[in-house]
Amino acid sequence: MPNYSFRCRSCGDTFDVNRPMAQSSDPASCPAGHADTVKLLTTFAAVGRGSAPAPAPAPRPAGGGCCGGGGCC
């Protein structure tokens with residue numbers, strides 16, 4: 001079940017709520033009982049085993065036309 005972070009506008013407390021995605025936009029009361037809360041934007045990071053290979057650099061343009069190595073510039 002996803003975890004959503006909220007911040008209370010009344011007391012400034014930040015807290016998490018576990019709920020189904022279908023209820024992600026539902027309001028949440030802070031643990032101190034205040035109802036004026038706002039859902040925070042959270043990020044997701046994936047960590048895998050090992051290291052991924054670096055992406056290959058883009059190929060350089062081949063010679064041929066003007067300014068592509070043809071020497072006309």
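**Ground rules**

I noted that this is a predicted model, where local features need pLDDT of at least 70, side-chain atom pairs count only at pLDDT 80 or more, and totals for chains, interfaces and linings use all residues. Residues are numbered from 1 along each chain as its sequence is written, and side-chain values use heavy atoms, with hydrogens and water left out.

**The ring pair**

Next I checked what Phe15 sits with. The structure holds 1 aromatic pair. Phe6 and Phe15 make up that pair, and it is stacked, with 5.8 Å centre to centre and 15° between the planes. I wrote down the cut-offs: rings of Phe, Tyr and Trp (its six-membered ring) pair if their centres lie within 6.5 Å, and planes under 30 degrees apart count as stacked, over 60 as edge-to-face and the rest as tilted. Phe6 is buried too, since its relative accessible area is 3%.

**The sheet**

Then I went through the strands. They are DSSP runs (E, at least two residues; helices are H or I, at least four), numbered from the N terminus. Two strands pair if DSSP finds at least two bridges between them. I found an open sheet of 3 strands in the order β2-β1-β3, with antiparallel pairing. The edge strands are β2 (14–18) and β3 (37–39), and each pairs on one side only. On average, neighbouring strands of this sheet are turned by 35° against each other, direction ignored; axes here are lines fitted to C-alpha atoms, for helices over the stretch in contact, and angles run from 0 to 180 degrees between N-to-C directions.

I followed β1 on both sides. With β2 it runs antiparallel, joined by 5 bridges, and Asn3 has Asn18 in β2 as its bridge partner. These two strands form a hairpin with 5 residues between them, and Gly12 in the turn has a positive phi of about 80°. β1 (residues 3–8) also pairs with β3 in the antiparallel sense, over 3 bridges. There, Phe6 stands opposite Lys39, and Cys8 stands opposite Thr37.

Where is Ser24? I found Ser24 in the loop between β2 and β3. Ser24 counts as buried because its relative accessibility is 16%. Leaving out residues up to four places away in sequence, Ser24 touches Tyr4, Arg19 and Lys39, where contact means heavy atoms within 4.5 Å.

Definitions and conventions: Buried < 20%, exposed > 50% of the residue type's maximum accessible area, 1.4 Å probe, protein only.
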